[in-house]
Amino acid sequence: MKKLLVTGSSGLIGSEVCIYFANQGWRIHGVDNNQRAVFFGSQGDTRWNQQRLQSTIKGFAHHELDIRDRQSVLDLIESLQPDAIVHTAAQPSHDRAAAIPFDDFDTNAVGTLNLLEAARQFCPESPFVHMSTNKVYGDRPNTIKVKELDTRWDYDDPIYEYGIPETFSIDQSKHSLFGASKVAADVIVQEYGRYFNIPTCCLRGGCLTGPNHSGVELHGFLSYLVKCNLEGREYKIFGYKGKQVRDNIHSLDVARFIEAFIAAPRVAEVYNLGGSKANSCSILEAFHLAQKYSGKEMRYVYLPENRIGDHICYYSDLSKMREHYPTWDITVSLEETIRQIVISWQERLVPQYVTQ
C-alpha cells in the first residue's frame, strides 16, 4: 500500500486530501499539532477535524509534530519514506504574521525547508506538493486596470481576461510578512526541484474553501462569512466598497488536482490554483449567496480602509493546469460550495448561537 504524508492534516485542504487519497487505497499519515488554535484561539481549533479523520479513515496515523522541529521531521520521514508528500501546514494570515513575525517565518519558510531537506535525504523520488498562495504576487495585481461594476470590480485589460497567469511577476510589490514568508517557501520548493531534480510543485491558491473549513476573521473568507450570517454576527468589510473579488475553489477540486500531479509529476512546477472567473465573487455577491442558502439577512459594517496587501480583484488563469492535466477541471460550482458550507456550519455550531 502506498504511503502519503500530509502536513496540516487537520486543516481544510489537508483533511480533504487525507480522505480523498484514503478512498484511493493509500495509507495516510497526518502531521498536525493544532497550531491553528495557537494562531487564532479556540475559534480556529481543528481537533474536531482530527477526530473526524481518525474515526473515518481506517489505519489513519496521526503524528503530533511541529514542522519547525527539524530533527523530528527528519526522523519521521526517514522512518516512513512516504511515496508522496503534500505540505499544507502554514500560518495563513496577513494580519497575524505582523504580530508574530518569527513564528510566521519559522512555520512557513523554515518548516517547508525542514520537510524538503528530509525528502531530499530519504525519499527524493517522491512527489512533493506544496500549498503556496496567490499572495506571493503581493499587491502587484492591484496595478492591473480595473472597471467598477454594480456589485464587483473586474479587470479592464484584455491580457487578463482569463485571470492571472503563472508568468505574473512576484517582484517589487508589497506582500505583507505572510506573503514574504510564503514567497521564501515557494522559491525554495522550486529550487529543490530544479537543483536536486525532485518532482516538486507549488500550488498558488486563491480562496481555498469547503464545508470543513474553520474560518476565522483573519483567514477563511467564505467560511467565516457564512458563520457570521448564521450567528447573526456583524461582518466587517475592509475597503474597496465590498466589491473586491476573490476566486473560490472547493477543497475536493484541490485534492483532485494533487492526485493528477502525483500520478504524473513534473519537476519544479508552479500553478495558480483557484476557482477561475467562473467561481469568483465579490463580498457583496457572497452575501447574496449566503442569504439565499441560509434564509437569514447578512449583518455587516463597512470600514473604508482596506487590509494591507488585499487584492481589489483576483482570479486565477487555469490554462496551464488544464493544458498539463487535461482530465482535471473544476467540478464544484461556487453556489454548491456555499450551500455545503451553510449546511456544515448549521451542523457544527451550537444550536443556541444560530439565530432563528
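**Figure 1. Buried residues and course of helix H6 in the predicted model.** In this predicted model, the buried residues of helix H6 are Asp 104, Thr 107, Asn 108, Ala 109, Gly 111, Thr 112, Asn 114, Leu 115, Leu 116, Glu 117, Ala 118 and Ala 119. The helix comprises residues 101-122 and lies across strands S1, S4, S5 (128-133) and S8 (200-205), running at about 165° to S5. A bend of about 30° is found in H6 at Val 110. With 22 residues at 1.5 Å a residue, H6 should span 32 Å, and the distance of 31 Å between its end C-alpha atoms agrees with this.

**Figure 2. The open sheet of 7 strands.** The strands of this open sheet follow the order S3-S2-S1-S4-S5-S8-S12, and their pairing is parallel. Strand S3 (61-63) and strand S12 (269-273) each have a single partner strand and stand at the edges, so one side of each is left without a neighbour in the sheet. On average, and with direction ignored, neighbouring strands of this sheet are turned by 20° against each other. Within the sheet, strand S1 (residues 3-7) and strand S4 (residues 84-87) run parallel and are joined by 4 bridges, and Thr 7 has His 87 in S4 as its bridge partner.

**Figure 3. Strand S5 and its two partners.** Strand S5 runs parallel to S4, to which 3 bridges join it, and also parallel to S8, to which it is joined by 6 bridges. Since 6 of the 6 residues of S5 are buried, the strand is largely enclosed by the rest of the structure. In a regular strand the side chains alternate between the two faces of the sheet. In S5, Phe 128, His 130 and Ser 132 point one way, while Val 129, Met 131 and Thr 133 point the other way, and all are buried.

Figure 4. Ile 67 has its place in the loop between strand S3 and helix H4 (70-80). The residue counts as buried because its relative accessibility is 5%, where the cut-off for buried is under 20%. Leaving aside residues up to four places away in sequence, Ile 67 touches Thr 7, Val 31, Val 73, His 87, Ala 89, Thr 107, Gly 111, Asn 114 and Leu 115. The C-alpha atoms of Ile 67 and Ala 184 are separated by 16 Å, and the two residues lie 117 residues apart along the chain.

Figure 5. Strand S9 and strand S11 (residues 245-250) run parallel and are joined by 3 bridges, with Cys 207 standing opposite Asn 248 in S11.

Conventions
Residues numbered from 1 in each chain as written. Predicted model: local features only at pLDDT ≥ 70, side-chain atom pairs only at ≥ 80, totals over all residues. Heavy atoms only, no water. Pairing = 2+ DSSP bridges. Helix = DSSP H or I, 4+ residues; strand = E, 2+ residues; numbered from the N terminus. Axes fitted to C-alpha atoms, helices over the stretch in contact; angles between N-to-C directions. Contact = heavy atoms within 4.5 Å. Expected span 1.5 Å × (residues − 1). Bend = angle between axes of the 7 residues up to and from the residue. Buried < 20%, exposed > 50% of the residue type's maximum accessible area, 1.4 Å probe, protein only.
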